[in-house]
Amino acid sequence: MKKDTFAFSFIEYNNDEVPALWYNLIEKAKMSLGGSNSDYSHFKVGAAVLLENGVVVCGANQENVSFPCSTCAERSALNYARSNYPNVNVTAIAIVAARGDEIEDSISPCGLCRQSIVDVENRQQSCITVLLVGKFATRIIDSAGFLLPLAFDAKI
Ligand code: THU
């Protein structure tokens, strides 16, 4: 028998303390909110994905009258990245939410999006930094894997 424990630490910066290297990605995530189709929830989510080659691709939540057809911002951005830059690793993803023009406190990706981000990490075998951007503070997590302990991976 053995007992295992999961623990991880992350840093929460006040927004005026966030390291400058993240300014552009955070700005792009906020700009992505403009592409949100959130007619049903009125909750906008924007995501900006930084690729290893420096390119940033963006996505926003896309809702559908048949609710389960909707896609979250994170998966919109990651799917775009994979479709258009299939051989380029993902370095980071910044996520932000808003109601109307008001940025919300930081949100954390839903379960489906955690699985999707972790799957990219596993495929590329390198960590993706996750930035959870809020109205006043931003949480920076060094690997999406921390958000999904014991994630499924069939190692296909
Ligand atoms: N949403 C995202 O885009 N990302 C998440 O990680 C959580 C939720 C979207 C789905 C839906 O369009 C809206 O937020 C409200 O749930």
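**Contacts, cores and helices**

Tutor: Lysine 135 and glutamate 102 form a salt bridge, with their closest N and O atoms 2.9 Å apart; a salt bridge here is a side-chain nitrogen of Lys or Arg within 4 Å of a carboxyl oxygen of Asp or Glu. This pair links distant parts of the chain, 33 residues apart: lysine 135 is in the loop between β6 (129-133) and β7 (137-141), and glutamate 102 is in strand β5 (residues 102-103). Helices (H or I, at least four residues) and strands (E, at least two) are DSSP runs, numbered from the N terminus.

Student: Before we go on, what kind of model is this, and how are residues numbered?
Tutor: This is a predicted model, in which local features need pLDDT of at least 70 and side-chain atom pairs count only at pLDDT 80 or more, while totals for chains, interfaces and linings use all residues. Residues are numbered from 1 along each chain as its sequence is written, and side-chain values use heavy atoms, with hydrogens and water left out.

Student: Is lysine 135 buried, partly exposed or exposed?
Tutor: Lysine 135 counts as partly exposed, because its relative accessibility is 37%. Buried means under 20% relative accessible area, exposed over 50%, and partly exposed in between, with a 1.4 Å probe and protein chains only. Glutamate 102 is also partly exposed, at 45%.

Student: How many salt bridges does the structure hold?
Tutor: There are five salt bridges. Among them is the one between glutamate 104 and arginine 99, whose closest N and O atoms are 2.8 Å apart. Glutamate 104 is partly exposed at 21% relative accessibility, and arginine 99 is partly exposed at 45%.

Student: Which residue does aspartate 4 form a salt bridge with?
Tutor: Its partner is lysine 2, with the closest N and O atoms 3.2 Å apart. Aspartate 4 counts as exposed because its relative accessibility is 58%, and lysine 2 is exposed at 68%.

Student: Changing topic: how many residues has the largest nonpolar core?
Tutor: The largest nonpolar core has 23 residues, and those with the most contacts inside it are Val49, Leu78, Val90, Ile93 and Val130. Such a core is a set of buried Ala, Val, Leu, Ile, Met, Phe, Trp, Tyr and Cys residues joined through side-chain atoms within 4.5 Å.

Student: Which residues does leucine 78 touch?
Tutor: Not counting residues up to four places away in sequence, leucine 78 touches Val49, Val90, Ile93, Ser116, Ile117 and Val120, where contact means heavy atoms within 4.5 Å. A second, separate core has 16 residues, including Tyr13, Val56, Val96 and Leu131.

Student: Now the helices. Which residues are buried in α3?
Tutor: The buried residues of α3 are Cys113, Ile117, Val118, Val120, Glu121 and Gln124. Viewed down the axis of α3, these buried residues fall within an arc of 150 degrees, so they line one face of the helix; the arc is that of the directions from the helix axis to the C-beta atoms.

Student: Why would residues a few places apart line up like that?
Tutor: An α-helix has 3.6 residues a turn, so residues three or four places apart point the same way.

Student: What covers that face, and what follows the helix?
Tutor: The cover over the buried residues of α3 includes α2 and β4. Glutamine 125 follows α3, and its phi is positive, near 55 degrees.

Student: And α1: what do its buried residues pack against?
Tutor: They pack against β2, β3 (56-60), β4, β6 and β7. In α1 (residues 23-32), the buried residues are Leu25, Ile26, Ala29 and Ser32.

Student: Last topic: how many aromatic pairs are there?
Tutor: The count comes to three aromatic pairs. Rings of Phe, Tyr and Trp (its six-membered ring) pair if their centres lie within 6.5 Å; planes under 30 degrees apart count as stacked, over 60 as edge-to-face and the rest as tilted. Phenylalanine 8 and phenylalanine 10 have ring centres 5.8 Å apart and planes at 35 degrees, so this pair is tilted.

Student: How do phenylalanine 8 and phenylalanine 146 pair?
Tutor: Their pair is stacked, with 5.4 Å centre to centre and 5 degrees between the planes. Ring pairs link Phe8, Phe10 and Phe146 into a cluster.
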